[in-house]
Amino acid sequence: MKELRQRIAGARRIVAFTGAGISVESGIPTFRGPGGLWRTYRAEELATANAFHRNPRLVWEWYDSRRQIMAQAEPNAGHRALAALERRCGGFTLVTQNIDGLHNRAGSRRVLKVHGDIWRLRCMDCEHEADDFRTPMPDLPPRCQCGGLLRPGVVWFGEYLPRDVWSEAESAASGAEVFLTIGTSAVVYPAAGLIDTARRGGALIVEVNPQETPYSQSVDHSLRGPAGEILPELLG
Ligand code: BJW
Ligand code: ZN
């Protein structure tokens, strides 16, 4: 751990790539772990444009309940360690799959949100976009001033990732000296492919996760444990 800490402390271009696991210690359930079911639905059945078209109210009830959990949650020591790293290291890039906003609330300034943001709503008809922090929503599904349905500004299965955000994430990964993959099962693509991109660019890859992932065997260091404990030790 000491050698690894020094290696990270001496690196100029560091990328942290986070997933739902970093918010577990803040009380937010993951997608695929325990508590990953909502009523009887799996996330994969709800996080799609088809599900929304079929039943916007049902999908919005899921998002509304998650927004309430997220609004009550506080960033944890893992989020804070990454915010502190950004302040210290000029070449740091934070890429998150999370939509919960906890990295920003922990003080991270530049956050590449490759799967969007649950607090940003977009009209399905006129494309108007705005932040909306109301919890619970007064009416479900919420509607735009034009009468169109509002949807959460997140990336569902089968949808493209936001182009500019994604290209910044890819170029940061390809030029990284150190790439930290934290709290992600690394099964959702193209996001998980950033790990391969970083490896091809010659980065040292460090995984932080209490469980094994498909990448555990091939990374340089697989640190098994909760992000809220490991990150302050590794980066502090
Ligand atoms: C802890 C912890 C602690 C617990 N500390 N850790 C190649 C092959 C096969 C399929 C595809 C492919 N390329 C693309 C696809 C299709 C699809 C895909 O990847 N499917 C796979 C599941 C097979 N991808 C897409 O559809 C993507 N779009 C796309 O490809 O566009 C091109 C295209 C367009 C048109 C047609 C075809 C292609 C879009 C993917 C969007 C994903 N969206 C979601 C929902 C966002 C909104 C919402 O939240 O509601 O994003 S799905 C969900 O998974 C969410 C997450 O960001 C994402 C990743 O999950 P994450 O963060 O890894 O969470 P978990 O729960 O999986 O893991 C948590 C981890 O934490 C675990 O490992 C725990 O052990 C760990 N942990 N406690 C640290 N204390
Ligand atoms: Zn509209």
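Reader: Where is proline 190 in this fold?

Author: Proline 190 is in the loop between β9 (178-182) and α8. Keep in mind that this is a predicted model.

Reader: What tells you the geometry of the peptide bond from tyrosine 189 to proline 190?

Author: Omega does. For that bond omega is near 5 degrees, and the bond is cis. There's another cis bond from leucine 140 to proline 141, with omega near -5 degrees. Proline 141 is in the loop between β7 and β8.

Reader: And what makes arginine 39 worth a look?

Author: Its phi is near 50 degrees, a positive value in a residue other than glycine. You'll find arginine 39 in the loop between β2 (37-38) and β3 (41-42).

Reader: Over to the metal. Which residues count as protein donors of the zinc ion (ligand 2)?

Author: Cys123, Cys126, Cys144 and Cys146, each through SG, at 2.3 to 2.4 Å from the zinc ion (ligand 2).

Reader: Why is the site of the zinc ion (ligand 2) called tetrahedral?

Author: Four donors get that label if all angles lie between 85 and 135 degrees. The four donor atoms of the zinc ion (ligand 2) give angles of 103 to 117 degrees, so the site is tetrahedral. For reference, the ideal angle for four tetrahedral donors is 109.5 degrees.

Reader: How are the donor residues of the zinc ion (ligand 2) spaced in sequence?

Author: The pattern is C-x2-C-x17-C-x1-C. Cysteine 123 sits in strand β6 (residues 116-123) and cysteine 146 in the loop between β7 (129-131) and β8 (150-154), so that pair ties together parts 23 residues apart in sequence.

Reader: Which residues of α5 and α9 meet?

Author: From α5, Ala77, Gly78, Ala81, Leu82, Leu85 and Arg88; from α9, Ala227, Gly228, Leu231, Pro232 and Leu235. By class that's eight nonpolar, two polar and one charged. Glycine counts as polar here, so Gly78 and Gly228 go in that group.

Reader: How does α1 lie against α9, roughly parallel or roughly perpendicular?

Author: Helix α1 (residues 2-9) and α9 pack at about 65 degrees, with axes 8 Å apart. The range 65 to 115 counts as roughly perpendicular, so that's the name for α1 and α9. Leu4, Arg5 and Ile8 of α1 make the contact with Glu233, Leu234 and Leu235 of α9. The tally is four nonpolar, no polar and two charged residues.

Reader: Then why are α7 and α8 called oblique?

Author: Helix α7 (residues 163-174) and helix α8 (residues 193-200) pack at about 40 degrees, with axes 7 Å apart. Roughly parallel needs under 35 degrees and roughly perpendicular starts at 65, so α7 and α8 are oblique to each other. Trp166, Ala169, Glu170, Ala173 and Ser174 in α7 meet Leu194, Thr197 and Ala198 in α8. Those divide into five nonpolar, two polar and one charged.

Technical notes
Residues are numbered from 1 along each chain as its sequence is written. Chains are lettered from A and ligands numbered from 1 in the order in which they are written. This is a predicted model: local features need pLDDT of at least 70, side-chain atom pairs count only at pLDDT 80 or more; totals for chains, interfaces and linings use all residues. Side-chain values use heavy atoms; hydrogens and water are left out. Contact means heavy atoms within 4.5 Å. Helices (H or I, at least four residues) and strands (E, at least two) are DSSP runs, numbered from the N terminus. Donors are N, O and S atoms within 2.8 Å of the metal (3.2 Å for Na, K and Ca); water is not among the atoms, so sites may look incomplete. Four donors count as tetrahedral if all angles lie between 85 and 135 degrees; four count as square planar and six as octahedral if opposite donors are over 155 degrees apart and all others between 65 and 115; anything else is irregular. Axes are lines fitted to C-alpha atoms, for helices over the stretch in contact, and angles run from 0 to 180 degrees between N-to-C directions. Angles under 35 degrees count as roughly parallel, over 145 as roughly antiparallel, 65 to 115 as roughly perpendicular and the rest as oblique.
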